[in-house]
Amino acid sequence: MLGVLTLLSLSSLVALVPPPNVPPVFCRQCCDHLEPAEGSGAEPLTAGFNHVPEVRTYINMTILKGDKGDRGDRGTPGKGGQEGPSGSRGPMGSKGSKGQAGLPGDPCKDQYSAFSVGRRKSLHSLESYQALVFDTVFVNLGDHFNMFDGKFLCRVPGIYFFNINIHTWNFKETYLHIMHNDTEQAIVYAQPSERSIMQSQSLMLELELKDEVWIRLYKRERENAIYSDDVDVYITFNGYLIKVPCE
């Protein structure tokens, strides 16, 4: 049934179209003469019947167009293109607002150790080595410096800076050592002279827990001495923590 309807639809689209460059054929009546009069110059009317009309098929596609179909699936993304050139630098933005306070710093930086002590009395050498004891305190954080035996006891391991200042005695030698535990680290020395002078020595030491740093006066055989008095402080010993090694 569907094939019949399709055939009928197509047959309605068929039209008779005359072939190109063919003169039109005129209708004749039964009473018309078949041939023109002789000598009139007109072509015989029968000449038009020598050509058979050409049949051409014309299909109106608009009536065959169907409904719009559904949208197809999206295709796979293509490959990314090459990176373009960098653009020009934009203008500087406005200054931002102040941020919040940061987290607490490294606890290694929160540890301190420092001392500064002095001596107001002169001291002469004995038959044996002796520690230089001090009688005046300027700074002694945590009592890390023992005023009774004149020794600094390390309670915070790290790198320390130490400095000793002394005043020499006229015509006497001055001979001292900065000691790390029982080992000499640096000397403070001045030859005998008719004039007394100030002498100084400094160094840095890396200390472990319970290490000791102190000043030792040499034996009497060198006949050495240091000078001070009750009015002014001529002898000072200082030390402080520089850095705590952090793991």
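Analyst: In this predicted model, the count of aromatic pairs comes to 17. One of them joins Phe115 and Phe152, a stacked pair with 5.2 Å from centre to centre and 25° between the planes. The pair links distant parts of the chain, since Phe115 belongs to strand β3 and Phe152 to strand β8 (residues 151-153), 37 residues apart. Phe152 is buried, at a relative accessible area of 1%. Another pair is that of Phe161 and Tyr240: the ring centres are 5.4 Å apart and the planes meet at 40°, so this pair is tilted. Phe161 is in strand β9 (residues 158-167) and Tyr240 in strand β15, so parts 79 residues apart in sequence are tied together. Phe161 is partly exposed, with 24% relative accessibility, and Tyr240 is also partly exposed, with a relative accessible area of 41%.

To return to Phe115, its strand β3 covers residues 114-119. Phe115 is buried because its relative accessible area is 3%, and buried means under 20%. Leaving out residues up to four places away in sequence, Phe115 touches Val139, Asn140, Phe145, Phe152, Phe162, Phe237, Asn238 and Gly239. Leu141 is 26 residues from Phe115 in sequence, while their C-alpha atoms are 6.3 Å apart. Phe115 is also part of one aromatic cluster with Phe134, Phe145, Phe152, Tyr160, Phe162 and Phe237.

The charged end of Lys172 sits over the ring of Trp169, 4.7 Å from its centre. Over the ring of Tyr129 sits the charged end of Arg216, 3.9 Å from the ring centre.

Definitions and conventions. Residues are numbered from 1 along each chain as its sequence is written. This is a predicted model: local features need pLDDT of at least 70, side-chain atom pairs count only at pLDDT 80 or more; totals for chains, interfaces and linings use all residues. Side-chain values use heavy atoms; hydrogens and water are left out. Helices (H or I, at least four residues) and strands (E, at least two) are DSSP runs, numbered from the N terminus. Buried means under 20% relative accessible area, exposed over 50%, partly exposed in between (1.4 Å probe, protein chains only). Contact means heavy atoms within 4.5 Å. Rings of Phe, Tyr and Trp (its six-membered ring) pair if their centres lie within 6.5 Å; planes under 30 degrees apart count as stacked, over 60 as edge-to-face and the rest as tilted. A charge sits over a ring if NZ of Lys or CZ of Arg is within 6 Å of the ring centre and within 35 degrees of the ring normal.
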